[in-house]
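Welcome! Let us look at how the parts of a protein chain touch one another, and then at how two copies of a chain are arranged.

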There are 2 protein chains.
Amino acid sequence: MSLIEKTLSVEKIYDGRIIKVEKQQVELPNGRQTTREVVKHPGAVALLAVRENQVLLIKQFRKAMDEVLIEIPAGKVEAGEERIHTAARELIEETGLEAGKLTLLHEFYVSPGFCDELISLYQAEELTASSEYTADDDEFIELFWLPVSDIESLLQSGQLRDAKTILALQTLLLNYNNSK
Amino acid sequence: MSLIEKTLSVEKIYDGRIIKVEKQQVELPNGRQTTREVVKHPGAVALLAVRENQVLLIKQFRKAMDEVLIEIPAGKVEAGEERIHTAARELIEETGLEAGKLTLLHEFYVSPGFCDELISLYQAEELTASSEYTADDDEFIELFWLPVSDIESLLQSGQLRDAKTILALQTLLLNYNNSK
């Protein structure tokens, strides 16, 4: 069975600072037609920064849901930027830390039903204070270090409500379990 | 330090079938102003359906990235619908299975930087063929059962590119490890 949908036409709805919105008319595998709403996003990287059996988390306000969330550091890919460079840049911008080692753990779409945003999750290690860092007074975040031994209870507490953060901390736990 | 951003004004950009798009003018904690693009989404449920040490996966085409993805079953919450009812309904619609037991595992935002979509992830057990099921010929998905013992190698293969699916399978693995 073919699963593919053919694009018949594309209507541009919005071309914003970060996202673009389109309405696509598509032909389903059975020949019928339907409409798909599609949000185009530049993509992002997320960072699992680990030092001495601790992992770096941030608290930040998210306007889309008017809530403060606990997350791992993350940021959008700039036009033409290689994702590993985004990772290094965002880590410095959000935390003041430079990573001696960046390892790709997973790449995933976060909301494939309507949006093409792809996140590349890197583990950042060999962390040192960056000489390039100057605190950006338009970034409002609070940093804290969580012991790896506390991850499991934090996951079970329901306090984590961000998909990439839950996914990243689970990956770390599974890797720790495997290396035991 | 306050992290909160105050809404100054909201411009409605698009009111679609599934999503709404807004441009919000906000005041940052330091008094400066900026613009936030916000996508409003009704939210969704996802299902980790488990039977005899196997987990149910689906392949489906996703128009936003023009790719076939491996995912767990999922679907949008309808207006006024309780999420546990969405879970039961979507499981029947996508797989023909009825769950005797549904357990909430996690609730998470998938893209909090610009979108309020919240996914509730349920584990579905005690699965039986539903008498209400009639195959919907506008749903183009392929189902398959994956042994729990194969999850780890599938996670490491890079073939899984959907956040909720990686998160759900890692939750299952961690729960299996804990019950050993």
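## Where the domains touch

In chain A, 5 residues of domain 1 are in contact with 4 residues of domain 2, where contact means heavy atoms within 4.5 Å. Domain 1 of chain A covers 6-40 and domain 2 covers 44-178; such bounds come from an automatic or database domain assignment. The centres of these two domains, taken over C-alpha atoms, are 31 Å apart.

Please keep in mind that this is a predicted model, in which local features need pLDDT of at least 70 and side-chain atom pairs count only at pLDDT 80 or more, while totals for chains, interfaces and linings use all residues. Residues are numbered from 1 along each chain as its sequence is written, chains are lettered from A and ligands numbered from 1 in the order in which they are written, and side-chain values use heavy atoms, with hydrogens and water left out.

## What the domain interface buries

Domain 1 and domain 2 of chain A bury about 390 Å² between them, 58% of it on carbon and sulfur atoms. Buried area is the accessible area (1.4 Å probe) that two parts lose on being put together, summed over both. On the side of domain 1 of chain A, Ile18(A), Val39(A) and Lys40(A) lose the most area to domain 2, together 79% of what that side buries.

## How the two chains are related
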